[in-house]
Amino acid sequence: MALDDRKTDGFKYIGTRPNRPDGLDKVTGKARFGADASASGMLHGAIVRSPHAHARILKIDATRALALTGVKAVVTRADFATGLTGEDADLLENVIAGEKALYDGHAIAAVAATSALIARDAAKLVEVTYEPLPHVTDVDAAMQPDAPIIRADAADDSVPEGMHPNVVRYMEFGRGDLEAGFAEADAIVEQTYKTEATHQGYIEPHACLAQLGADGRGELWCCTQGHWFVRRMCTALLGLETSQLRVTPSEIGGGFGGKTTVFIDPIALALSRKASRPVKLVMSRSEVLRATGPTASASMDIKIGMKRDGTITAASGVFRLQGGAFPGAPTAETMQCAFACYEIPAVHEVGYDVIANRPKQAAYRAPGAPMGAFAVESALDELCRELDLDPIEMRLKNASREGTRSSFGPRFPRVGLVETLEAAKAHPHYAAPLGPNQGRGVACGYWMNWGGETSVSLAISEDGTAQVTVGTPDIGGSRASMALMAAEALGIPYENVRCNIADTGSLGINEPTHGSRATYASGLATIESARQAIGKLCERAADKWGIDAEAVIWEDGCAKPSGPNAGEFPPLTIAEIAAEMGSTGGPISGHHEATPNGHGGSFGTHLVDLEVDPETGRTTILRYTVVQDAGKAIHPAYVEGQFQGGAVQGIGWALNEEYIYGQDGRLQNPIFLDYRVPVASDLPMIDTVIVEVPNPGHPYGVRGVGETGITPPLPAVANAVATAAGVRLRHLPMTPPRILAALEQKAGG
Amino acid sequence: MSRIHVTTTVNGDEVEYLCEPRETLLDCLRDHVGLTGAKEGCGTGDCGACSVTLDGRLVCSCLVLGAEAEGKKVETIEGLADGDTLHPLQRKFIEHAALQCGICTPGILIAAKALLEKTPDPTETEVRYWLAGNLCRCTGYDKIIRAVMDAAAEMREAS
Ligand code: FES
Ligand code: FES
């Protein structure tokens, strides 16, 4: 990777805000999302789901369903691969239950019929006999000695002896002298914090159109963040050869991590194989809420010591996360991010991954980070109040910077936390006056970002325009960013580049659009592909001029002779070289494959002002400012959009959103009316400040920006509520009833 | 079950379809008329992704039966632009980057158009409350509100 060839200023296209290439299709209704495809002879699928939180499946009788006119196939677990191990076994168990239903909404069987209505009717006619079993949905309850055992053999060797079998993984790390650190402190806070599970809440439910023949060859159209992941998972679950399934990603209506795995795709393929017809499967919203996503819920014990001047002396944390009925709660990520913002001489962290009778958690924007940030940043705020310290000054005093040994081990390269804190301090928001019942909250957050397997091709067309082919689905404008980077590298106008998202048959493996990696990794590969193409363009010019290729440079979309012996030739434009390429050596393209690992982490600082109504407990956000390090903002409008969207999802998590389970273990709020995501009238404008501390690991300095923004809002809002209402809430979400209860307790107490 | 024959007007074109009595207008538009611009985000009237107008009134097409469109005029996202000329709202949404994934966009554009027809000079608060039934999970609404306000200003100048 020619990263010595870095460029961090003097850009022509990078940093501008052109219209996105898919904008027209998306404002006219032409863009084709997951549910918008159809095929001739297509059937519609519907899924039979468990009404029990935990139950043995005694019998599945599809006789009556199959007798209904129009019903063509019913599949159960028996129609999938056997003998899977590890993550594939868990994935299959989640996609369709085996011996037990493990949560309310767990898929048991599926039907394909000639219409969606018939399929839904038929699903109701599939008779399932259950033996209900005791269940547990709360993380702390699931660890108690008397908790029901959900899966006896789910734990790995990391779990210390004597723990409940629902504890499936154990992690621990730390360094420094904790005892001495706490002894040095002038104040210590030690508290327990809890967050509830939330859903990614993408507005587009999962949808797919599958066709699988008896010969094991298949086509799948689906809304996904990563179609190579989908291909691998589906072929494993169906016992197919990987390359025989071609997966084409639709336009995707939001994902936030929740569309990096599969739920319905393998079922649609199995139905198609059985019925010998294409099958379309689309989830309802309540299926989405009951059986996909959500994130983990968490219970955390935090202890932090601080000197009077604000220096953090020691910190410890115990993190218990419940990730549904399968291993995989993002406990490690919670631990990695919790104290990452600060230089702490002594730190110790313990983590538990716990299973419970809930859907298998899926990644949600900076998976794990918001919970830990809520606990740690709340605890720091409690210390600032006790020691009468300014929350930004305290954070500046301890902030991680280049060379800081992180809480999780490695030293940080060049990072931008200090710059975000300085920008927040200087922002007019921080000095704005507050009225009665109003409060201001500050918090920081971190996400490490990701590189991942990446394969990109770039081809020059006969007229000198360029096509870029990437494998990372575009969820928020990334095609515009790729086109900008290609335009910058090639020196041609943005409009002359078209970026396409390829299917799995057209490129090497690409990891999903996750981990804030698309602009970083596909962007890096786009730039390197362009540079490779430029090398070839220069060679063609050199041949034409009869000089060495080394004596040709590329500038403003033209080959130019350069150096003392190059000779005098008029520049050759990309269009001139491209027009002749057929006769000068054939097509000109560039290709780059890598698993880049120079993704720099991104830090952010958020400010929020809000008002709490003491009569109703309702919180109103008055002012919100996001400051985050983008490394280099390729298309600033979409960077701002990521900041704003992340902040609002975090606000929802802090104030309203939660999975509510009844005593019966069933999800009580599986529709948007009751699972309340923020709406336009809940919010003010979300101000943004883009800090640019170039990432040394990207040719133009890019850092992923998608995820960090959801992390600080949880504690920032909690810290502001503590001021506005005079009560500290250590359990999210801070719904009006919870705030009222806290106010009443304070008044009574 | 016998199907119902429906004759209606969609974006100015006369359209006929046969539907089940319990089929929604949203499903009829998407499956029988072939217009997939209106989206189903919830099916319960809570997200607004399926917004269309029925005789000029803004409705969630997931809460209207297909049979109810008989003799009425339906306007969907596919009819918002005038040929190649985008409606100012469409143009402003692109210019302001008011969409990320774009799944909410058709519903929000239809809802915003209905607002500006009634209230050409809305305050920010009015826009926020009018669009409170249209969920967007990606943008945090900031750029959407700006795009609607800007389109309203441009349309007032033009009229
Ligand atoms: S689909 Fe009609 S309101 Fe959500
Ligand atoms: S842009 Fe994705 S839901 Fe609005």
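Colleague: Asn398(A) is found in which helix?

Modeller: Asn398(A) belongs to α12 (391-398) of chain A; helices (H or I, at least four residues) and strands (E, at least two) are DSSP runs, numbered from the N terminus. The model is predicted, so local features need pLDDT of at least 70 and side-chain atom pairs count only at pLDDT 80 or more, while totals for chains, interfaces and linings use all residues. Residues are numbered from 1 along each chain as its sequence is written, and chains are lettered from A and ligands numbered from 1 in the order in which they are written.

Colleague: Why is Asn398(A) called partly exposed?

Modeller: Asn398(A) has 18 other C-beta atoms within 10 Å. A residue is buried at 20 or more such atoms, exposed at 12 or fewer, and partly exposed in between, with C-beta atoms placed from the backbone. The value of 18 therefore makes Asn398(A) partly exposed.

Colleague: Which residues does Asn398(A) touch, not counting those up to four places away in sequence?

Modeller: Asn398(A) touches Thr311(A), Ile312(A), Tyr342(A) and Glu343(A) on that count; contact requires C-beta atoms, placed from the backbone, within 7 Å. Trp653(A), 255 residues from Asn398(A) along the chain, has its C-alpha atom 27 Å from that of Asn398(A).

Colleague: What makes β7 and β8 of chain A edge strands?

Modeller: The order in this open sheet of 5 strands is β7-β15-β14-β13-β8 (chain A), with mixed pairing. Strands pair if DSSP finds at least two bridges between them. β7 (167-175) and β8 (187-195) of chain A each have a single partner strand, so one side of each lacks a neighbour in the sheet. From one strand to the next the twist averages 5 degrees.

Colleague: How many bridges join β13 to β14 of chain A?

Modeller: 10 bridges join β13 (297-306) to β14 (312-322) of chain A, and the two run antiparallel. Ser299(A) is opposite Arg320(A) in β14(A). Helix α10 (331-338) of chain A lies across β7, β13, β14 and β15 (347-354) of chain A, at about 160 degrees to β15(A). Axes are lines fitted to C-alpha atoms, for helices over the stretch in contact, and angles run from 0 to 180 degrees between N-to-C directions.

Colleague: Which strands stand at the edges of the sheet of 7 strands in chain A?

Modeller: That open sheet has the order β3-β5-β1-β12-β9-β10-β11 (chain A), and its pairing is mixed. β3 (71-75) and β11 (245-249) of chain A are at the edges, since each has a single partner strand. The twist averages 20 degrees from one strand to the next. β3(A) pairs with β5 (107-113) of chain A in the antiparallel sense over 4 bridges, and Ala73(A) has Ala112(A) as its bridge partner in β5(A). Helix α4 (116-125) of chain A packs on the sheet, touching β1 (43-49), β3 and β5 of chain A, at about 25 degrees to β1(A). Helix α7 (227-238) of chain A lies across β10 (218-222) and β11 of chain A, at about 145 degrees to β11(A).

Colleague: Why is the reach of α5(B) called close to the expected one?

Modeller: α5(B) has 17 residues and reaches 25 Å from its first C-alpha to its last, against the 24 Å expected. The expected span is 1.5 Å times one less than the number of residues. The buried residues of α5(B) include Ile144(B), Ile145(B), Ala147(B) and Val148(B). Among the elements covering the buried residues of α5(B) are α18 (636-655) and β26 (686-691) of chain A.

Colleague: How many residues does each chain bring to the contact?

Modeller: Chain B brings 44 residues and chain A brings 42. The largest share of the side of chain B that touches chain A comes from α2(B), with 4 residues.

Colleague: How many residues of domain 1 of chain B are in contact with domain 2 of chain B?

Modeller: Chain B is divided into domain 1 (4-79) and domain 2 (88-158), with bounds from an automatic or database domain assignment. The contact takes 13 residues of domain 1 of chain B and 11 residues of domain 2 of chain B. Strand β3 (51-54) of chain B gives the most to the side of domain 1 of chain B that touches domain 2 of chain B, with 3 residues.

Technical notes
Two residues are in contact if their C-beta atoms, placed from the backbone, lie within 7 Å.
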